[in-house]
Amino acid sequence: MKRLLIAAPAALLFALGACSDEAPEDEGPLDTAANEETASVEDTEPVELDLADAAGACPYIDSDLLNSTTGEDFRFASGGPGEDAGEDAPAQLTCAVQTGEAAYPDLTLFIIGTEATVDVYEDELADGTSEVSGLGEAAYWVVHTEDTGAGPALEMGWYEGGTIFEMRYTTPAGTDAAAVEGLVDGFAQLAVGVSTAHAEAAG
């Protein structure tokens with residue numbers, strides 16, 4: 001599915017929808033936040049890694065592990081609180097990381113609060129995803145190979161204690177999809193680190 005320009009990531013819409021008293025119409029599996037492009041307010045200007053110097057979700061990403069897992073040299077990151085969807089919107093953080101050499105590869109991370117239960121989260125997962133063990137209360141991964149102008153993208157999402165995490169690593173055009181699937185274990189380790197850092201920051 002091609003990326004869409006929308007006002008808020010789909011995971012945010014899911015988080016809001018889960019709080020509604022009205023049952024949503026059945027429109028098929030939800031797109032995940034990592035499939036979307038969204039403008040964010042108050043984003044920081046790109047900064048050279050150390051990711052801790054960037055805002056939003058960036059400080060939760062282990063830059064050394066990211067580089068060693070992908071074999072890339074990510075050097076720039078920007079993050080923020082995401083689109084202002086109003087005072088009733090759940091808390092959300094974003095981060096985008098790039099090498100600075102080209103648009104891809106890149107890594108995006110969304111962290112969004114929700115009142116939905118883990119059962120609701122699991123029910124909303126699209127067909128074709130695979131389970132990730134040892135990550136959160138529920139977790140999945142999937143490699144997207146649709147023609148988006150970039151290469152295959154590894155998407156990994158998980159639910160932990162009322163928070164939805166969604167991470168997407170998009171490769172340059174021409175990258176072998178099998179090679180991207182080979183990164184799942186490394187990104188699972190990266191995701192565990194994100195969850196741990198987020199929990200520690202929350203106290």
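**Figure 1. T108 and the residues it touches.** In this predicted model, T108 makes contact with C95, A96, E166, M167 and R168, leaving out residues up to four places away in sequence. T108 is part of strand 6, which covers residues 106-113. Is T108 buried or exposed? With a relative accessible area of 18%, T108 counts as buried, because the cut-off for that label is under 20%.

**Figure 2. The largest nonpolar core.** Here we look into a set of 33 residues. Those touching the most other members are I61, V97, L107, M156, W158, M167 and F187. Two or more residues each come from strand 5 (92-98), strand 6, strand 8 (138-144), strand 9 (153-160), strand 10 (163-170) and helix 5 (184-202). Which element gives the most to this core? That is helix 5, with six residues.

Figure 3. Setting aside neighbours within four places in sequence, M156 meets V132, L135, Y140, W141, F165, E166, M167, V184, F187, A188 and A191. Another core of seven residues lies apart from the largest one, and its members include V118, Y140, Y159 and I164.

**Figure 4. Stepping back to the whole protein.** The fold shown here has five helices and 10 strands. Of its 203 residues, 43% count as buried. Among contacts with a separation of 6 or more, 62% are between residues 24 or more positions apart. The accessible surface comes to about 10,100 Å², and carbon and sulfur atoms account for 47% of that area.

Methods. Residues numbered from 1 in each chain as written. Predicted model: local features only at pLDDT ≥ 70, side-chain atom pairs only at ≥ 80, totals over all residues. Heavy atoms only, no water. Helix = DSSP H or I, 4+ residues; strand = E, 2+ residues; numbered from the N terminus. Buried < 20%, exposed > 50% of the residue type's maximum accessible area, 1.4 Å probe, protein only. Contact = heavy atoms within 4.5 Å. Core = buried A, V, L, I, M, F, W, Y, C linked by side-chain atoms within 4.5 Å. Areas by Shrake-Rupley, 256 points an atom, 1.4 Å probe, with all protein chains shown as cover.
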